[in-house]
Amino acid sequence: MVVLLGLMSGMFVAALDQNIVTTALPTIVSDLGGLAQLSWVVTAYLLASTVATPIYGKLGDLYGRKLLFQIAIGIFLLGSVLSGLAGSMSQMVAFRAVQGIGSGGVIVGAQAIIADLVAPSVRGRYQGYIGAVWAFASVVGPLVGGILTEHLSWRWVFYLNLPISIAALVVSSLVLKLPRRRPSARIDWLGAALLSSGAGAIVLLTTWVTGGRWNPVGLSVALVGLALVVLLFVMVQRRAADPVLPFRLFESSVFRLACGTAFLVGFATLGAVTFLPLFLQIVDGETPTVSGLKMVPVMTSLVLASVVTGRLLVRWGRYKVFPVVGTALMTLGLLVLSTMEPDTPYPVQALGMAALGMGLGTVNQILMLAGQNSVGEADLGVATSTNTFVRQIGASVGVAFFGAMFAARLERTLPEPFGADAADLTRDQIAALPPDLRADLVTGFAVALQDVYLWATAVMAVGFVATFFIREIPLRTKASAQVNGTVAPD
């Protein structure tokens with residue numbers, strides 16, 4: 001539990017930032033740019049975090065996880081300072097990418113360290129604690145973000161990370177003791193570069209195609225380039241002595257399905273949650289603070305489900321039921337959210353949010369545990385980072401897909417007076433419109449957001465079906481540190 005404090009403090013700062021920015025996004029894009037670029041503030045963070053996770057996982061397997069965990073916190077702290085000082089949308093996107101690089105290391109580091117120290121048979125309880133920290137940050141994040149944005153400045157959303165990041169560094173230095181590792185191989189930098197390039201290309205292509213900003217020649221060139229990157233990556237990984245993404249992991253059907261379902265969960269949920277403050281602030285006309293309060297159901301249910309799931313897993317020793325139930329709840333929640341209109345009562349909105357949060361809290365950690373339990377002890381770090389990578393690729397593609405689709409649909413839905421720049425209207429400009437035009441605009445926003453949630457529901461339904469094919473493997477009763485013997489702490 002003492003070691004867990006160091007992990008929880010680092011995880012808290014990464015989780016808080018991802019959620020505290022949510023309610024501030026409409027104000028940030030109003031100040032620095034247009035609404036059409038909202039998704040890129042999130043996508044840059046997610047994409048950078050995504051491409052960094054496999055590298056952190058492999059470096060942790062080779063050199064030990066404590067130092068990398070602390071380096072990641074330091075990078076995240078630097079990105080927070082720079083984001084708070086951003087003076088343009090391009091700077092904000094770039095500095096959020098720096099934050100994402102740090103966040104990826106913090107998230108995969110905490111999960112891999114838990115896998116090192118705790119046996120799978122009781123790991124659910126500790127991952128439940130980690131999940132509860134993430135969920136608690138998710139609860140207070142939107143509310144604190146709304147309060148800071150409304151009463152101080154959106155820049156304080158990033159400055160708040162500074163004392164928490166410093167505290168996380170101090171706590172992890174004092175209490176986190178991990179085995180020292182001696183590197184037996186070199187990091188596959190070429191494979192890592194190709195993997196990062198491919199991930200970035202996928203997100204960019206998703207944005208261009210969904211938003212309609214492409215031509216046949218440009219799209220053909222981009223697809224050929226992506227195919228070449230994928231082919232080169234496969235060739236490099238097959239020849240590398242210690243590949244950044246070992247294909248042997250995917251020989252396990254459990255690992256393949258756990259990663260595939262994680263991709264779908266990330267795709268459907270983060271895009272959906274990102275647009276909730278937009279609906280509450282633009283369609284319902286709420287302030288950032290009130291919109292943060294109204295998002296409490298999704299986060300509170302996530303906290304409860306995460307803790308309860310961890311305890312039930314330890315008691316029952318079986319895990320398959322949780323992803324089945326969790327994805328079903330998420331599909332139901334997204335379906336309810338897809339019916340939201342300007343006059344939808346808040347209890348209906350809260351019901352959809354609660355079902356979404358409860359499902360997410362039930363399924364996320366279990367998919368990670370199932371994947372970890374299906375591979376060898378030597379591959380725990382890379383298995384953890386691969387699962388995280390796949391989930392975040394899904395989230396990055398999902399946010400890009402939904403953001404581009406929302407902007408394109410909004411432009412087609414709104415009446416003629418708004419023209420082609422409809423998606424660039426700020427919240428203040430919308431509030432200043434005449435009542436009849438404002439009503440048309442609000443309706444257009446609601447219709448465009450309904451499309452987002454309908455697509456998310458369809459994606460999550462596929463994830464629900466996939467969970468039935470996950471084979472349950474008995475959970476190991478020893479942690480990797482016990483299997484490998486006692487070594488000196490770093």
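On a 1 Å grid over the protein atoms alone, a pocket is an open set of points where a 1.4 Å probe fits, with protein on both sides within 12 Å along at least five of seven lines, and its lining residues have an atom within 4 Å of a point. This is a predicted model, in which local features need pLDDT of at least 70 and side-chain atom pairs count only at pLDDT 80 or more, while totals for chains, interfaces and linings use all residues. Residues are numbered from 1 along each chain as its sequence is written, and side-chain values use heavy atoms, with hydrogens and water left out.

The second largest pocket is lined by 18 residues, and those nearest its centre are Leu-195, Ile-202, Phe-233, Leu-245 and Phe-389. Two or more lining residues come from each of helix H9 (189-211), helix H10 (216-239) and helix H16 (380-413); helices here are DSSP runs (H or I, at least four residues), numbered from the N terminus. In the lining, 17 residues are nonpolar, one is polar and none is charged. For this count Ala, Val, Leu, Ile, Met, Phe, Trp, Tyr, Cys and Pro are nonpolar, Asp, Glu, Lys and Arg are charged, and the others, Gly among them, are polar.

Aromatic rings come next. Rings of Phe, Tyr and Trp (its six-membered ring) pair if their centres lie within 6.5 Å, and planes under 30 degrees apart count as stacked, over 60 as edge-to-face and the rest as tilted. The structure holds four such aromatic pairs. The ring centres of Phe-263 and Phe-267 are 6.2 Å apart and the planes stand at 40°, so this pair is tilted. Both belong to helix H11 (residues 253-283), where a spacing of four residues separates them by about one helical turn. Phe-267 is buried at 11% relative accessibility, whereas Phe-263, at 28%, is partly exposed. Buried means under 20% relative accessible area, exposed over 50%, and partly exposed in between (1.4 Å probe, protein chains only). Ring pairs also link Phe-263 and Phe-267 with Phe-402 in a cluster.

Thr-467 lies in helix H18 (residues 435-467). Its relative accessible area is 0%, so Thr-467 is buried. Apart from neighbours within four places in sequence, Thr-467 is in contact (heavy atoms within 4.5 Å) with Thr-261, Lys-320, Pro-323, Val-324 and Thr-327.

Helix H13 (residues 296-316) has buried residues including Pro-297, Leu-302 and Leu-313. Just after H13, Gly-317 takes a positive phi of about 75°.
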